[in-house]
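Student: Could we take a close look at one single part of this model? I'd like to go slowly and see how the pieces are described.

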Amino acid sequence: MWRKEFEQISGRSYGLFEEYRMEDADYAMVIIGSAAGTGKDTVDMLRKQGVRAGLLKKSAFSVHYPAEEIAEALKNVKYLAIMDRTEDYNGHCGPLGAEIKSALYNADLHPATLNYCYGIGGRDVTVESLASVLKI
């Protein structure tokens with residue numbers, strides 16, 4: 001409910017995630033936080049090279065996890081890089097990776113998926129480093 005109040009006060013609306021150039025993406029990246037701006041620049045660069053890339057920016061971890069909506073946004077993706085900026089990485093994946101993989105599994109979607117840890121220890125996140133995770 002707070003989102004509607006914020007929208008009324010500020011005139012701005014924020015959802016639980018944002019899709020960027022996902023309409024025909026074969027390659028996509030799921031990312032959270034400030035690195036999404038660099039991710040969007042990466043998508044734009046790859047699009048100029050003819051790669052159908054897209055990005056899904058998760059706004060935050062929340063009580064209401066929009067699993068069905070995320071699966072819908074990613075339903076046509078063939079290759080997915082899930083970007084975790086955390087040291088809390090178990091033997092399988094990070095927390096964002098677990099959320100996204102669960103949403104895909106429950107929707108019976110199976111893109112080739114890799115989970116990456118990035119930017120640990122304050123390392124810079126560049127367009128080149130994000131483009132390299134898609135190995136294009």
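Student: Where is the place of Leu-56?

Tutor: Leu-56 is in strand 3, which covers residues 53–58. Before we go on, this is a predicted model, where local features need pLDDT of at least 70, side-chain atom pairs count only at pLDDT 80 or more, and totals for chains, interfaces and linings use all residues. Residues are numbered from 1 along each chain as its sequence is written, and side-chain values use heavy atoms, with hydrogens and water left out. As for the word "strand", helices (H or I, at least four residues) and strands (E, at least two) are DSSP runs, numbered from the N terminus.

Now, back to our residue. Leu-56 counts as buried because its relative accessibility is 0%, and buried means under 20% relative accessible area, exposed over 50%, and partly exposed in between (1.4 Å probe, protein chains only). What does Leu-56 touch? Leaving out residues up to four places away in sequence, its contacts include Phe-17, Glu-18, Met-22, Met-29, Val-30, Ile-31, Ala-73 and Leu-74; a contact means heavy atoms within 4.5 Å. Ile-32 is 24 residues from Leu-56 along the chain, and their C-alpha atoms are separated by 8.5 Å.

Let's also visit a loop. Arg-21 sits between strand 1 (17–20) and strand 2 (27–32). Its phi is near 55°, a positive value in a residue other than glycine. Arg-21 counts as partly exposed, because its relative accessibility is 32%.
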